[in-house]
Amino acid sequence: MPYIADCIRSLQTQTFKDFEVVFVDGGSTDGTLNCIQTSGLPCTLLENVKGGIAAAMNAGLKAANGRYVAHLHADDYYLDSKVLADAQIALSAAPSALWAFGRFMNDTSGHVAPPPYEPKPYSRSALLRRNLVPHCAAFVERQVFLEEGGFDGSYRLAMDYDLWLRLVKRGEPVLINRHLAAFRRHANSATTKHARRSFNEDAKARFVHSSCLLWPEFAARYVWRRIKLELQLAKQEAST
């Protein structure tokens, strides 16, 4: 994995040092393990964890010991050295909070910029209609994670959205009003390679966690967004 070094570097530079790192590897042969082992970053390394993304993150969750858990994929990274410090400050100021999240930037071929759309203000209603919580900038109390059973393995891509919709039923998140992490956009990322599946799983989570009174609205939104997605994918395919 060519991006893991950036992920590791973003952890090494954090000014807040009271955290642990758990790497979960599914059996990679591309040099990822060597990069981890030679980085000098103290960590727990779980190897040959099979079963997909949800299973990997759940394995890391069970191996962790801290009060809060954050998940970075190998191609994600924190934007600066004060991310964990700011998360700790925000959560300490709201000791009863179960989770928190901030904003993210896109990294496209090294160009880092905010998403090309204005993010909607967070509300429970808005979250039901669109995933507003970037997985790379979220922090969840580990005990709540365990009580919820971790990520649902029936989702291959939208397991994070399903979790947010479960968590919000237990309590509102703390909002950290700044960009915390970078989500790398590239052809091999799961959400890019499997855009239709990701879209359909988001819709599934939306229906599962909402009142049937909202289903007609969500069905109409699904059709409109699916048309836009197909046009976008057709444009991308035509340009390659």
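Predicted model: local features only at pLDDT ≥ 70, side-chain atom pairs only at ≥ 80, totals over all residues.

Modeller: Residues are numbered from 1 along each chain as its sequence is written, and side-chain values use heavy atoms, with hydrogens and water left out.

Colleague: Let's take β7 first: are its faces covered or open?

Modeller: Helices (H or I, at least four residues) and strands (E, at least two) are DSSP runs numbered from the N terminus, and buried means under 20% relative accessible area, exposed over 50%, partly exposed in between (1.4 Å probe, protein chains only). In β7, residues 138-141, A138 and V140 are buried on one side. F139 and E141 are buried on the other, so both faces are covered.

Colleague: Which residue of β7 is the bridge partner of Y68?

Modeller: Strands pair if DSSP finds at least two bridges between them. β3 (residues 68-69) runs antiparallel to β7, joined by two bridges. The partner of Y68 there is E141.

Colleague: And β5, which residue in β8 stands opposite F101?

Modeller: Strand β5 (residues 99-108) is joined to β7 by three antiparallel bridges, with W99 partnered by V140 and F101 opposite A138. β5 also pairs with β8 (residues 174-185), in the parallel sense over eight bridges. Across that pairing, F101 stands opposite L175.

Colleague: How many residues of β5 are buried?

Modeller: β5 is mostly covered. Out of its ten residues, the buried count is eight.

Colleague: What is the phi of S109, in the turn of the β5 and β6 hairpin?

Modeller: β5 and β6 (residues 111-113) pair in the antiparallel sense over three bridges, with H111 as partner of T108. Two residues sit between the strands of the hairpin. S109 is exposed, with a relative accessible area of 76%. Its phi is positive, in a residue other than glycine, near 55°.

Colleague: N48 has a positive phi too; what is its relative accessibility?

Modeller: N48 lies in the loop between β2 (44-46) and α3 (53-63), and its phi is near 55°. It counts as exposed, because its relative accessibility is 51%.

Colleague: Over to α9: what distance apart are its end C-alpha atoms?

Modeller: The expected span of a helix is 1.5 Å times one less than its number of residues. For the 14 residues of α9 (residues 195-208) that should be 20 Å. The end C-alpha atoms agree, at 20 Å.

Colleague: How are α9 and α10 oriented, roughly parallel or roughly antiparallel?

Modeller: Axes are lines fitted to C-alpha atoms, for helices over the stretch in contact, and angles run from 0 to 180 degrees between N-to-C directions. α9 and α10 pack at about 170°, with axes 11 Å apart. Angles under 35 degrees count as roughly parallel, over 145 as roughly antiparallel, 65 to 115 as roughly perpendicular and the rest as oblique. The pair is therefore roughly antiparallel.

Colleague: Last one: is H135 buried or exposed?

Modeller: H135 sits in the loop between α5 and β7. Leaving aside neighbours within four places in sequence, H135 is in contact (heavy atoms within 4.5 Å) with H71, H73, D76, D160, W164 and F183. At 14% relative accessibility, H135 counts as buried.
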